[in-house]
Amino acid sequence: MALATPTGSTRPLPLLVKVLGLGTAVGVAAALTPTLLLQDQWFFLVGLWVIVALLVATYATGRALPAKYLLPGTLLLTLFVVVPIVMTVQTSFTNYGDGTRTSKEETVAQIVGSSVRQTPDAPRYNLTVGTTGSTTDGPFTFFLVDPETEAAFAGTPEGLEELDPDAVTLEGGFVRAADGYEILTGVQLNDAGPALQDFTVPTDDGTAIRQLGISQAFEGTTTLQYDEAADTITDTETGTVYTVQQQGDREYFVSPDGERVSDQSWTANVGFRNYVEILTDSRISSDFLRIFAWTVAFATLSVVTTFGLGLLLAVTLNDARLRGQKVYRALLIMPYAIPGFISLLLWASFYNRDFGLINDVTGLDVNWLGDATMAKVAVVITNLWMGFPYMFLVCTGALQAIPGDLQEAARLDGASGWDGFRRITFPLLLVTVAPLLVATFAFNFNNYNAIALLTEGGPYSPDNPTAGGTDILISYTIRLAFGAGGAQIGFASAVSVLLFVITGVIAALQFRATRALEDVN
């Protein structure tokens, strides 16, 4: 009689690990579900439960054995590579950034809510503020208690809702606890002040509720009214009608006289406008092309200089006649053992014109970080110091893997040492290190740390504080996205997409070129 094929491990420890792992996944998904529902994050909610279903279907049964090995890598690839790329591309077609972080509905609610006026007989409520997310950025909920009736309400930008007394904890006329919410303390309320400044709760009576101090709120009337059918906002005191008009890359509610009712705009799909602006705006395209040229030069010089010095030292120390090889090799990899950010900060101090080590030792008076050309030289020198130990290790390993018989045969044929290296050793070494050189080029193409910690992208000219003399594309992009001048995340995403395409094309061309080395074997 044929024996049944086992459908899974029945050993206690693997079974316990499997149960705990699947139980944790289901528990985390269940715990996150209420929060995702409150925030209307349907895409992430569905994705989360699809992942959990795949994990349970794969590991709780004895079927789909190959999937047990493929699923973890596929999920990680999807979560950390595919999803960020898709979201970046999606954001690049929007104007998302400072002043446009909210939807049009939320923006209209904030504009109308900001016009709330308090009247002498305006109702007041005892106020506590709760959040289901960040204590500084929300989303927030006003917990309101009528001091006369002690009826409790929850107020959000979507409206006011009366609460079940059993769902909250009332003490002294204030809501002190609510299921699923964190109640903000006085300090946290101060920190959240900028976010709560325009927070209002619309009511069914056409009024709105705003914060008054840290423990009270009032219900007042709004002087602005939104007409959804006409898509206009009307000031009931002056009769001015504000219509939607395009100004720059954003839309605003603007009066016939050209006056905005608010500087707040909203997230909108702008199509290819960000890409067109990069390529056609002379100020932006000139910065982009200049920075692109320096990025290519920086990545190329970083590879050439580090590989050249690393190879020279590896060949020198690979000579069996040299004594103390281990000591020399240990000393040469010391820069590689020091954390990169420490080396960069130290080198930044070395380049100080008045007190730096380099000018003191050499007697020079070079303004290393104040001149664009010398700052570029400083970046290349520092990257050489940090990168040559890696190339030294790679070349040493590759040299020791080349059979000595080939070099001995070349010497017997009368080839000099240089000819043997040029015609035999170097081509064979390139077969091994060429993919690493391509990877190093791609790494330095996006080597943000080397620029940010050493020069911060500078020096900058007074007429252009956005693009510095040593900026590479990634540092320029991050400054656009999160700089002090205001985040332009949609525009920065478009630059990131172009950067991704350029890096991919260059890497593909380099890998194609390295195929010629296959003939060496």
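This tour visits charged residues of a predicted model, one selection at a time.

Residues are numbered from 1 along each chain as its sequence is written. Local features need pLDDT of at least 70 and side-chain atom pairs count only at pLDDT 80 or more, while totals for chains, interfaces and linings use all residues, and side-chain values use heavy atoms, with hydrogens and water left out.

Begin by selecting D40, E105, E106, E158, D227 and E228, which form a patch of negative charge on the surface. Such a patch joins like charges within 9 Å, from residues with over 30% relative accessible area and no salt bridge. Within this group, centre on E158, in the loop between β4 (152–156) and β5 (159–162); strands are DSSP runs of E of at least two residues. E158 counts as exposed because its relative accessibility is 67% (buried is under 20%, exposed over 50%, partly exposed in between, with a 1.4 Å probe and protein chains only).

Next, turn to the salt bridges, of which the structure holds 8. Each is a side-chain nitrogen of Lys or Arg within 4 Å of a carboxyl oxygen of Asp or Glu.

Select D263 and R260, whose side chains meet at 3.3 Å, N to O, in a salt bridge. D263 is exposed at 57%, whereas R260 is partly exposed at 32%.

Move on to D319 and R321, a salt bridge at 2.7 Å, N to O. Here D319 is partly exposed at 28% and R321 is exposed at 72%.

Finish at helix α15 (residues 417–445), which contains both R422 and D419, 3 residues apart, about one turn of the helix; helices are DSSP runs of H or I of at least four residues. Their side chains form a salt bridge of 3.3 Å, N to O. R422 is partly exposed at 37%, and D419 is partly exposed at 26%.

Terms used
Patches are made of residues with over 30% relative accessible area and no salt bridge: like charges are joined within 9 Å, nonpolar side chains (Val, Leu, Ile, Met, Phe, Trp, Tyr) within 5 Å. Accessible areas come from the Shrake-Rupley method with a 1.4 Å probe; for residues, only the protein chains shown count as cover. Lys and Arg count as positive and Asp and Glu as negative; His and the chain ends are not counted. The place of a charge is taken as NZ of Lys, CZ of Arg, CG of Asp or CD of Glu.
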